[in-house]
Amino acid sequence: MDINVIFRIAGIGILISVLNMVLKQAGKEEQAQMLTLAGVVIVLLMVIQLIQRLFDDIRSVFGF
Amino acid sequence: MGFFSFLGFMLVVTVLLLIIRKERPEIAVLLTIAAAGIMMVSLLKYVADILLVFETMARKANVQTEYLTLIIRIVGIAYLAGFGAQICKDAGETGMASKIELAGKIFILSMGIPVMAGLLDIILKVF
């Protein structure tokens with residue numbers, strides 16, 4: 001059970017919300033939007049690897 | 001990996017979710033999925049042990065192995081459908097959750113129906 005992934009995702013979330021606030025204060029709404037999107041994509045890539053591992057393990061355990 | 005590490009893991013995830021959910025709900029959903037995935041992967045080891053016990057019991061009782069593998073597959077589908085539906089519910093998409101549950105039910109029914117048909121054939125042969 002690797003908690004490092006969880007910490008990484010939470011860290012990315014906090015970092016992005018802080019950067020978002022800074023960019024909004026500076027009046028760069030579009031960059032803030034793109035930053036949010038980039039963060040979501042990065043986290044999604046990490047989560048997809050986990051899900052793939054889960055599905056492979058389930059396939060091998062339950063004999064699909 | 002005992003029960004206490006699962007408990008601690010989930011408590012840590014809950015605290016992190018509380019921090020993130022206000023600012024970035026979309027990353028909170030991804031965090032939920034990651035936590036659920038890690039938890040399931042580490043629980044699967046125990047599930048595999050339990051299934052092994054069932055298999056040895058079935059072999060002792062001379063149950064046909066094809067039925068046992070069918071049941072195990074159905075349990076797997078139920079497990080995955082519950083996983084997906086719960087994540088959708090957590091994200092607030094109850095409609096998607098009920099659709100996943102419906103798909104799971106239909107797949108389980110379609111896998112179970114041949115067994116039911118076989119049972120009916122046996123009954124018809126007897127009478």
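## Contact between the chains

In this predicted model, the contact between the two chains draws 32 residues from chain B and 28 residues from chain A. On the side of chain B that touches chain A, the elements giving two or more residues are helix 1 (3-23), helix 2 (25-60) and helix 3 (65-90) of chain B. Helix 2 of chain B contributes the most to this side, with 16 residues.

Sorted by class, the side of chain B that touches chain A holds 23 nonpolar residues, together with five polar and four charged ones.

## Chain A

Chain A contains two helices and zero strands. Its radius of gyration is 16 Å, whereas the globule rule gives 11 Å for 64 residues; the value for chain A is well over that figure, so the chain is more spread out than a compact globule.

Along the principal axes, the C-alpha atoms of chain A fill a box of roughly 55 × 20 × 10 Å. Of the 64 residues in chain A, 19% are buried.

## Helix 4 of chain B

Helix 4 of chain B covers residues 94-126, which is 33 residues. From its first C-alpha to its last, helix 4 reaches 47 Å, close to the 48 Å expected at 1.5 Å a residue.

Technical notes. Residues numbered from 1 in each chain as written. Chains lettered and ligands numbered in written order. Predicted model: local features only at pLDDT ≥ 70, side-chain atom pairs only at ≥ 80, totals over all residues. Helix = DSSP H or I, 4+ residues; strand = E, 2+ residues; numbered from the N terminus. Expected span 1.5 Å × (residues − 1). Contact = placed C-beta atoms within 7 Å. Nonpolar A, V, L, I, M, F, W, Y, C, P; charged D, E, K, R; others polar. Rg over C-alpha atoms; globule rule 2.2 N^0.38 Å. Buried ≥ 20, exposed ≤ 12 C-beta atoms within 10 Å, placed from the backbone.
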